[in-house]
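Hi everyone, thanks for having me. Please bring up the model on your screens, and we'll walk through it together.

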Amino acid sequence: MQRILTLPVVRLAVALGLAGLGLTAAPAPASASTVPVSGSGSSWASVAIDQWAQDLRPNGIVVNYNADGSAAGRQSWIQDQYDFAGSDPPFRDGTDVLGGTGREVVPFTYSYVPDTAGGTAFMYHIDVAGHLITNLRLSGGTIMKIFTGQITNWDDPTITKDYGAQLPNLPIIPVIRSDGSGATFFLTRWMAHMFPSDWNAFCQHVHPGIQGNCPQTEFYPQFGNAKAENGSNNVATYITSSFGNGAIGYDEYAYALNSHFPVVKVLNPGGYFVLPSASNVAVALTKAVIDENPKDPNFLQQNLDNVYTYTDPRSYPLSSYSYLIVPRSPKPPLEFATPAGKGLTLTSYINFMLCDGQKQMPQLGYSPLPENLVVGGLQQANQIPGHGTVIGPGSLNQCGNPTMQNGKNVLLANAPYPSPCDKLGAPLNCVVVNGKATAAGGGTSPTTGPSTGPSASANPTTGVGTTGTGIGGPGGTATGGQVTGQVVNLAADQTSKTIFGVLTALGVIAAVALPPAIAGWLRRRRGQAHG
């Protein structure tokens, strides 16, 4: 007789398979009346926004997010299609002449709530004889010239001078955003402030007739050999593709970490080539000027001028904050004003986001928010219609943000200084001897291959660091002890876990089903023999 596995047996097998993965089914929602909320916008911050949503979903807090770009997110929120928006820049004031956009008119009151800090990173793909270059270092002026079409090939002498060796004769493919993007806003704001002559000349070239100085834009103009992609994820996908050799794009550091691809070490005003690590971003943003007037519509917004020029050797110059935009007064849909409605869901999310959720930021490629922005963000959450209990200034000891441990920003306190091999003028093939950068010897060929050491010293042919014990991140080597984040939620890793889980479940099914089946087969064989 054929045995058929019953549904309880299958459920048991699957449950045991999940247990083998260390996974369990999500617990029941904390409250059946909890109302889900939805938002859209910044792809720059979306890795963090999605992670927080995953963390809270087992508790019945459901937050859905569509990473369609800052500009699209703000417009959708104005049109009341979503409950909140994610945006890196504030609402437009009508000065984006490159984008050709007007002032954004919001029909209701709102608040900006900081969500995370990070560095705009320059992920790249340069393949030499099947080996990926991983230790590229560039000055700000060179990056500016690449993204304005003044430098078009990787063997350009300007790049050779920055890098310390000549790269191959390979066309540069600048990868820009085709949508309204906070990453574009941050990049062009930096270029407009640090290289105004070059930026204004570029504006005149792509848009003849523009009068006066050209400001930043959310909509990067098409130029030369540039490839325009919609969203941070598509930028990363293009750069990492087989046809992306020669590409360089701007993106949040989290996308490079998840892609296992390197980012440029950028020369800072202190004279060191640095990565957008959590500690380097935290150091840089100590110079951000924050609007701390709660009555100002731009309360908590940032002025980054002093960040760009900060001379601390650890500072990453393209550092900034991102924001959620949330309602301050009743706006449709009315669920915000009802008990246990959307206001409660959104404030529960923000409580977690600003406190315990910040613990994961270095591993995801971001930097945790400092205390002044956490306190301000909690004040804004307290203005959301139908809000729940919000952590108050007197209860910050309950807030798990790592920048607020015993009143001390531990990320800043422990921020390591760069290696002498990262100093401008240090040789590409470098080792530290008696605290000084020294040429390792053995040629000037570019470094290729994965970078694993904590200093800038590297073998000239393999790119593997030769000194130190820290963990290096994408973009070449990192300073000893530097926080560069861990790669998380990788598709390849999850696939392996899923396969293991399925095999485990199948093993359980076999263990349950095979013994009775074999016994039946043996009984039939004995009957045939007796007959």
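Let's begin with a term: a salt bridge is a side-chain nitrogen of Lys or Arg within 4 Å of a carboxyl oxygen of Asp or Glu. Behind it is a simple idea: side chains of opposite charge can pair when their charged atoms come close.

Two notes before we look. This is a predicted model, in which local features need pLDDT of at least 70 and side-chain atom pairs count only at pLDDT 80 or more, while totals for chains, interfaces and linings use all residues. Residues are numbered from 1 along each chain as its sequence is written, and side-chain values use heavy atoms, with hydrogens and water left out.

How many salt bridges does the structure hold? There are 11. One of them joins glutamate 229 to lysine 227, at 4.0 Å from N to O. Are these two buried or exposed, or something in between? Here, buried means under 20% relative accessible area, exposed means over 50%, and partly exposed is in between (1.4 Å probe, protein chains only). Glutamate 229 counts as buried because its relative accessibility is 16%. Lysine 227 has 33%, so it counts as partly exposed.

Now find aspartate 312 and arginine 314, whose side chains form a salt bridge at 2.8 Å, N to O. Aspartate 312 is buried, with a relative accessible area of 10%, and arginine 314 is buried at 11%. Arginine 177 and aspartate 179 also make a salt bridge, with their closest N and O atoms 2.8 Å apart, and both residues are buried. Elsewhere, Arg74, Arg92, Glu104 and Glu218 are linked in a salt-bridge network.

On to the nonpolar core, meaning a set of buried Ala, Val, Leu, Ile, Met, Phe, Trp, Tyr and Cys residues joined through side-chain atoms within 4.5 Å. The largest one has 121 residues, and Phe122, Trp154, Trp199, Tyr220 and Ile350 touch the most other members. Which residues does phenylalanine 122 contact, leaving aside neighbours within four places in sequence? With contact meaning heavy atoms within 4.5 Å, its partners include Ile143, Phe147, Tyr250 and Leu318.

Last, a sheet. Strands are DSSP runs (E, at least two residues), numbered from the N terminus, and two strands pair if DSSP finds at least two bridges between them. Strand 11 (residues 265–267) pairs with strand 12 in the antiparallel sense over two bridges; leucine 267 has phenylalanine 273 as its bridge partner.

Terms used:
Helix = DSSP H or I, 4+ residues; strand = E, 2+ residues; numbered from the N terminus.
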